Amino acid sequence: MNKVELKLYENAYKETMLEDIAAFWSTHYQTVTPAQAAGNIEEWTSEGHALYAIFSNGLEVGFLHMGSRGDACDWLEEVFVREDFRRQGIGSTAIEAAWAMLREKGLETMYLEVVPANEGAIRLYHRLGFTNLNTLTLNRSVKEKRQLGTQNIGGLEFRTYRPNNG
């Protein structure tokens with residue numbers, strides 16, 4: 001059984017965090033420089049944000065970033081577990097730990113956004129109780145994109161795409 005802990009970011013985690021942020025963005029079809037990853041750390045540790053290193057059995061294996069779009073830090077902005085450590089319940093446990101922290105602060109809702117094409121994440125989030133559809137984020141683009149499928153909501157058809165991949 002994995003012992004999973006969230007530890008608030010500190011500079012001792014910087015080197016590993018920079019690598020994890022680059023790996024996170026590569027899963028979104030983006031390449032970031034070390035300077036850009038450092039910019040993420042700066043932003044994700046500023047006021048209205050909380051960046052945590054995820055540890056499993058004492059080993060740093062990823063990160064979780066919470067943010068605020070209002071008063072409280074109640075948005076699960078990013079969660080990343082290194083590929084070698086996936087499918088072990090680490091991400092689920094980290095998200096549940098973040099939920100427990102929110103509840104301890106008296107907050108009643110945790111929000112997140114996920115693209116329809118990320119079916120694995122959607123299944124994970126649904127299993128963890130994210131079953132309320134709150135808002136839809138729509139976009140309009142002049143860039144030609146490779147369509148993955150469609151979603152029908154309220155009798156309207158929407159195209160789905162893998163983000164940032166044309």
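**Ground rules.** I number residues from 1 along each chain as its sequence is written, and side-chain values use heavy atoms, with hydrogens and water left out. Because the model is predicted, local features need pLDDT of at least 70 and side-chain atom pairs count only at pLDDT 80 or more, while totals for chains, interfaces and linings use all residues.

**Helix α2.** I took helices (H or I, at least four residues) and strands (E, at least two) as DSSP runs, numbered from the N terminus. I call a residue buried under 20% relative accessible area, exposed over 50%, and partly exposed in between (1.4 Å probe, protein chains only). Which residues of α2 (residues 34-44) are buried? I found A37, N40, I41 and W44. They lie on the same side of α2, because they cover an arc of only 100° around the axis; the arc is that of the directions from the helix axis to the C-beta atoms. An α-helix has 3.6 residues a turn, so residues three or four places apart point the same way. On the other side of α2, I noted A35 and E42 as exposed. The buried residues of α2 pack against α1 (14-26), β2 (49-56), β3 (59-68) and β4 (73-81), where contact means heavy atoms within 4.5 Å.

**Salt bridges.** I looked for a side-chain nitrogen of Lys or Arg within 4 Å of a carboxyl oxygen of Asp or Glu, and the count came to four. One of them joins R82 and D20 at 2.8 Å, N to O. This pair links distant parts of the chain, 62 residues apart: R82 is in the loop between β4 and α3 (90-104), and D20 is in helix α1. D20 is buried, at 3% relative accessibility.

Next I looked up E113 and R69, which meet at 3.3 Å, N to O. E113 is partly exposed at 45%, and R69 is partly exposed at 45%.

R123 and E119 meet at 4.0 Å, N to O. Both lie in helix α4, four residues apart, about one turn of the helix. R123 is exposed, at 56% relative accessibility.

**L133.** Where is L133 found? I located L133 in the loop between α4 (119-127) and β6 (147-153). L133 is exposed, with a relative accessible area of 66%.
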